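Here is my note on the model you sent. Please keep the structure open while you read.

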Amino acid sequence: MELINRPRRLRSTPELRRMVRETRISESSLIYPMFVMDGKSQVCEISALPGQYRYTVDMTDRCIEELLEAGVSSIMLFGIPDHKDEMGTQAYAEDGIIQRAVSYIKNKYPEMYVITDVCLCEYTSHGHCGVVCECRGRHDVDNDKTLKLLQETAVSHALAGSDMVAPSDMMDGRVAAIRSALDANGFTDIPIMSYASKFASSFYGPFREAAGSAPSFGDRRSYQMDFHNRREAIKEALLDVEEGADIVMVKPCMSCQDIIRDVYERTDIPVATYSVSGEYAMVKAAAEKGWVDEKKIMCEMAVSAYRAGASIYETYYAKELAECIREGIIG
Ligand code: PBG
């Protein structure tokens, strides 16, 4: 048979396949999400996220050491406070859970890059990401009042030693507000990774159990994006770039690969994506039943995110992925 084009030629040996790989991954681009809680000497497994834990600050050492050993040197912290109130005051308290966790970890492990999630939903009694108001007879979140609290939160994280802040609330104008508050307090060098294109998604379900942050009434659709919208996701990313974001994130990951590609093409800053709790939980559950190969699925999901255009990948599988990269299974 006369065939000039035989793409199989480049697939014939493992060495050749590795040589012609278009997507390469390094463990230096992984971020591990980590939950810290008030209290002492406790580590609790999160039932909807098998293999993931909530740690009191004094118990974070082993997890951090294992990550560093695997080559993962970035974490994103989420706080679970004992006390919640209407205004989420523990989010910006000087001795809040995140503030204490950051200073503990940065003092002990300066080589660990610590990113802090900036949002109010884990700290408010109603579980919404901002200040709840009554708007034309409906409960809603007051955008501009929330901005002030987000500014305070971000500055308090920076004061505690956070390396980067990551606002995930989806209020309008929050990147500009946070940038100016950081700058006014002398933190011009702290980057902002904004959850720019964040959809209202059922994939966050297990996280809300982990963080105890499910809204007690209504949902988040008046601030997180409608997952039917693609052009709006680009608009959100472009707005955040204009407001001074250093990195933009697309979230969730697996169901948003088109958006990752769009944002990659339309912006000129690094694009991150967050493979969220529901994605992890689904793989875990199917693997437990013996229906999928966990390791292979995890690798394929990660590579597809990078192939779509992400260069930073946040995942509960960060440590296991780093190990696969080191073993040469992917990368
Ligand atoms: C806080 C926040 C959420 C997640 C990250 N930051 C929950 C939400 O928006 O409801 C979800 C992460 C995950 O599901 O793994 N706003």
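Which residues does I75 touch, not counting residues up to four places away in sequence?

1. **I75 and the core.** I75 touches I31, Y32, M34, I64, L67, I105, M112, Y113, V114 and I115, leaving out residues up to four places away in sequence. Contact here means heavy atoms within 4.5 Å. I75 is among the residues with the most contacts inside the largest nonpolar core, together with F35, L77, L182 and M193. That core has 109 residues. A nonpolar core is a set of buried Ala, Val, Leu, Ile, Met, Phe, Trp, Tyr and Cys residues joined through side-chain atoms within 4.5 Å. Buried means under 20% relative accessible area, exposed over 50%, and partly exposed in between (1.4 Å probe, protein chains only). In soluble globular proteins, nonpolar side chains tend to be buried together.

2. **Basis of the model.** This is a predicted model: local features need pLDDT of at least 70, side-chain atom pairs count only at pLDDT 80 or more, and totals for chains, interfaces and linings use all residues. Residues are numbered from 1 along each chain as its sequence is written, and side-chain values use heavy atoms, with hydrogens and water left out.

3. **Overall build.** The protein chain has 11 helices and 12 strands. These are DSSP runs numbered from the N terminus (helices H or I, at least four residues; strands E, at least two). The radius of gyration is 20 Å, close to the 20 Å that the globule rule gives for 331 residues, so the chain is as compact as a globular protein of that length. The radius is taken over C-alpha atoms, and the rule is 2.2 Å times the number of residues to the power 0.38. Along the principal axes, the C-alpha atoms fill a box of roughly 75 × 45 × 40 Å. Of the 331 residues, 55% count as buried. Among contacts with a separation of 6 or more, 73% join residues 24 or more positions apart.

4. **Helix α2.** This helix covers residues 61–70, and its buried residues are D61, C63, I64, L67 and A70. They pack against β1, β3 (49–56), β4 (74–80), α3 (97–108) and α11 (318–327). G71 follows α2 and has a positive phi, near 100 degrees.

5. **Helix α8.** Within residues 257–266, Q257, I259, I260, D262 and V263 are buried. The buried residues of α8 pack against β9 (193–198), α7 (231–243), β10 (247–251), β11 (271–275) and α10. R266 also lies in α8. R266 touches I234 and L238, not counting residues up to four places away in sequence. R266 and K235 are 31 residues apart in sequence and 9.7 Å apart in space, C-alpha to C-alpha.

6. **Backbone points to check.** A cis peptide bond joins K251 and P252, with omega about -5 degrees. P252 sits in the loop between β10 and α8. S41 has a positive phi near 55 degrees, and lies in the loop between β1 and β2 (43–46). M170 also has a positive phi, near 70 degrees. Its loop runs between β8 (164–167) and α5 (174–184). M170 counts as buried because its relative accessibility is 4%.

7. **S29.** This residue is in the loop between α1 (14–19) and β1 (30–37). S29 counts as buried because its relative accessibility is 11%. Leaving aside neighbours within four places in sequence, S29 is in contact with Y306, S311, I312 and Y313.

8. How many cavities of 30 Å³ or more does a search of the whole structure find? It finds 2. On a 1 Å grid over the protein atoms alone, a cavity is a set of points where a 1.4 Å probe fits but cannot get out, and lining residues have an atom within 4 Å of a point. Grid points are joined across faces, edges and corners, and a volume is the space filled by probe spheres set on the points. The largest cavity holds about 140 Å³. Its lining has 18 residues, of which C121, K198, Y204, F207 and K251 lie nearest the centre. The lining divides into 8 nonpolar, 4 polar and 6 charged. Here Ala, Val, Leu, Ile, Met, Phe, Trp, Tyr, Cys and Pro count as nonpolar, Asp, Glu, Lys and Arg as charged, and the others, Gly among them, as polar.

9. **Second largest cavity.** The volume is about 40 Å³. Its lining is S275, E279, Y280, M298, M301, Y313, T315, Y317 and L321. Two or more of these residues come from each of α9 (277–288), α10 (294–308) and β12 (312–315). By class, the lining has 6 nonpolar, 2 polar and 1 charged.

Technical notes. On a 1 Å grid over the protein atoms alone, a cavity is a set of points where a 1.4 Å probe fits but cannot get out, and a pocket is an open set with protein on both sides within 12 Å along at least five of seven lines; lining residues have an atom within 4 Å of a point.
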